[in-house]
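Have it open while you read.

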Amino acid sequence: MAEILVCDDETNLRELLCLALEGHGHRTLAAANGAEALRLLEQSAWELLITDLRLPDMSGLDLLRRAKELAPDRPALLMTAFASAATAVTAMKEGAFDYLEKPFVMEELHLAVARALEQGALQRENIRLRQAVGERVSAEEIIGISVAMRRVLELARRAARTDASVLITGESGTGKELVARFIHNCSVRVKGPFVAVNCAAVPEGLIESELFGHARGAFTGAVANRPGLFVEAEHGTLFLDEIGETPMPVQAKLLRAVQERLVRPVGGVGERAVDVRLLAATNRDLREETASGRFREDLLYRINVVHLHLPPLRERREDIPLLAARFVECHARKYGLGIHGIAPEVMDCLLRYHFPGNVRELSNVVEGAVALTVEGRVEMEALPEAVRCGQSAGTPVVAGEFRLPEGGLDLEAHLAALEASAMDQALEACQGSKTRAAELLGMSFRTFRYRMGKLVGR
Ligand SMILES: Nc1ncnc2c1ncn2[C@@H]1O[C@H](COP(=O)(O)OP(=O)(O)OP(=O)(O)O)[C@@H](O)[C@H]1O
Ligand SMILES: [Mg+2]
C-alpha cells in the first residue's frame with residue numbers, strides 16, 4: 001500500500017478519488033492546486049502522483065517535471081478531460097507512467113495505480129541492484145580517496161555505461177586489473193563472463209590460438225578444437241592485460257578482431273562473429289612503442305577509445321593509510337591472527353616510502369608485517385629494513401647527485417653497469433625469481449628477460 005498524492009482543483013472529484021484509493025488501503029494526500037502539490041511533493045513521502053493536466057495555477061506537465069526532478073524513480077499518472085494524442089505523447093515523454101481520460105470508472109483508476117506502483121517498485125529495485133553491484137566492487141575492493149583516484153573511478157563508471165574500448169595505463173601494481181573488473185561489474189555485461197589474459201605470460205607461439213582458438217590438428221599438440229578467449233568472453237568483457245607485450249604478427253590479427261568483431265581460429269575455416277567488450281592494460285608507454293615501431297598505431301587507436309591512467313601510489317599518498325588499514329585487516333583475517341591496526345610511526349614510514357611496486361608492494365609489505373606480528377598492532381620491528389629506512393630498491397638516482405668526471409665518461413657503459421647492478425640486486429632480493437625481480441624494477445617479465453639477454457651478450 002502506498003502514499004498517493006492527488007492533485008485536482010475539482011473538490012468533488014478530488015475527494016472521490018481519495019476515498020476510492022483509501023478504500024483500496026492506500027494513504028492519500030490531497031492538493032487543490034499546483035502550489036499546494038509542489039509543497040507536498042517536497043515535504044512528504046509520496047510514492048505516486050496523480051494530477052490533473054489543467055490546474056488553476058500551472059500545467060500538470062510542469063508539476064510532473066518537478067516531481068520527476070525530485071524523484072525520478074517514482075511514477076505519476078495524468079488525468080485529462082481533453083485527451084489528445086499529442087498531450088498523451090508529451091505526458092509520456094515527460095515521464096508520466098500512464099494517463100486517464102476523464103470521465104473514467106474507478107476500476108480503470110485502480111488498474112492504472114496498481115501498474116504504476118509495480119513499475120515504480122521495479123525501477124527502484126533495478127537502481128538498487130545496479131548500485132549494489134557497482135558499490136560492491138568499489139566499496140570493498142577499490143580504495144581511493146585521493147582526487148586522482150576518485151576521478152579515475154568516476155571516469156570508469158561513465159565508460160562502463162558504454163561498450164567503448166578502454167585502455168588502462170599505469171605502473172605495475174597500481175590497480176589496472178582491479179579497475180578493469182570494476183568497469184565490467186558496473187556495465188550491463190556484468191551477467192556475462194569477465195575473461196582476463198596476460199599477453200606477456202602466454203608463450204609467443206601460442207598467443208594467437210589462445211585468443212582466437214584453433215582447429216583440431218592445426219599444430220602439434222592441438223588435439224581438439226578450442227574456442228579461444230574471444231569466444232569464451234562472448235556477451236562479456238575480454239581484458240587484454242599487458243597488451244604492449246603482444247608480438248607484431250598477433251597485433252595484426254588482433255586489429256582485425258577488434259575492428260570487425262570477427263575471429264578466425266588457427267587452422268580453421270571461416271570466421272565467427274563475437275560480441276565482446278574490450279579492455280586493455282599496459283605499463284608501457286604505447287605512444288613511444290608505436291613511434292619505435294613495436295606497436296601498431298591503428299591498433300592503439302582502436303583500443304584507446306577511452307584512456308584511464310592510474311597514478312603511482314607515491315603521487316597519491318593520501319590513499320596509503322586507508323589501503324594499509326584494509327590490508328592489515330584482510331591479511332590478519334586470512335591468517336586467523338588477532339591483529340588490529342598500525343602503530344603511528346609505522347604509518348609515518350609507509351607514508352614516506354617510495355613504493356616502486358605501488359599498491360601491490362604496500363599489500364606485500366603489510367602482509368609480511370602482519371605475519372611477523374604476534375598480537376596487538378603492527379609495530380616498527382615488523383617492517384622490512386628498506387621501508388623502515390625510508391629507502392627503496394627503486395628510488396631513482398637523484399640526477400643532482402651525479403658528478404660528471406672531468407675527463408668525461410662512456411655513458412652507455414656507465415648506464416649498462418648501473419642497469420646490471422640494479423638487476424643483480426633485484427634478483428638477489430627476490431631469491432632469483434625473475435618475475436618478481438622484474439616487478440621490483442617496474443618492468444614486465446619479457447622486458448626484464450630481454451635486457452638481461454642484452455647485458456649478458458655484451
Ligand atoms: N585502489 C585499490 N584498492 C584496493 N586494492 C588495490 C587497489 N589498487 C590495487 N590494489 C591491489 O593491489 C594488487 C595489484 O593490483 P592490480 O593487479 O590490479 O595491479 P596492476 O596495475 O594490474 O599490476 P600489474 O601491472 O603488475 O599487472 C591487487 O591485489 C589489488 O587488489
Ligand atoms: Mg595486472
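1. First, a term: on a 1 Å grid over the protein atoms alone, a cavity is a set of points where a 1.4 Å probe fits but cannot get out, and lining residues have an atom within 4 Å of a point. This is a predicted model, with local features needing pLDDT of at least 70, side-chain atom pairs counting only at pLDDT 80 or more, and totals for chains, interfaces and linings using all residues. Residues are numbered from 1 along each chain as its sequence is written, and side-chain values use heavy atoms, leaving out hydrogens and water.

2. The whole structure has two cavities of 30 Å³ or more. Helix α15 gives the most, with three residues (helices are DSSP runs of H or I, at least four residues).

3. Now the second largest pocket, a pocket being an open set with protein on both sides within 12 Å along at least five of seven lines. About 830 Å³ of space lies there. Of its 35 lining residues, Ser172, Gly173, Thr174, Glu177 and Arg360 lie nearest the centre. The lining has 15 nonpolar, ten polar and ten charged residues.

4. How do α2 and α3 pack? Their axes come within 11 Å and cross at roughly 10°, so the two are roughly parallel (angles under 35 degrees count as such).

How values were computed:
Chains are lettered from A and ligands numbered from 1 in the order in which they are written. Grid points are joined across faces, edges and corners, and a volume is the space filled by probe spheres set on the points. Ala, Val, Leu, Ile, Met, Phe, Trp, Tyr, Cys and Pro count as nonpolar, Asp, Glu, Lys and Arg as charged, and the others, Gly among them, as polar. Axes are lines fitted to C-alpha atoms, for helices over the stretch in contact, and angles run from 0 to 180 degrees between N-to-C directions. Angles under 35 degrees count as roughly parallel, over 145 as roughly antiparallel, 65 to 115 as roughly perpendicular and the rest as oblique.
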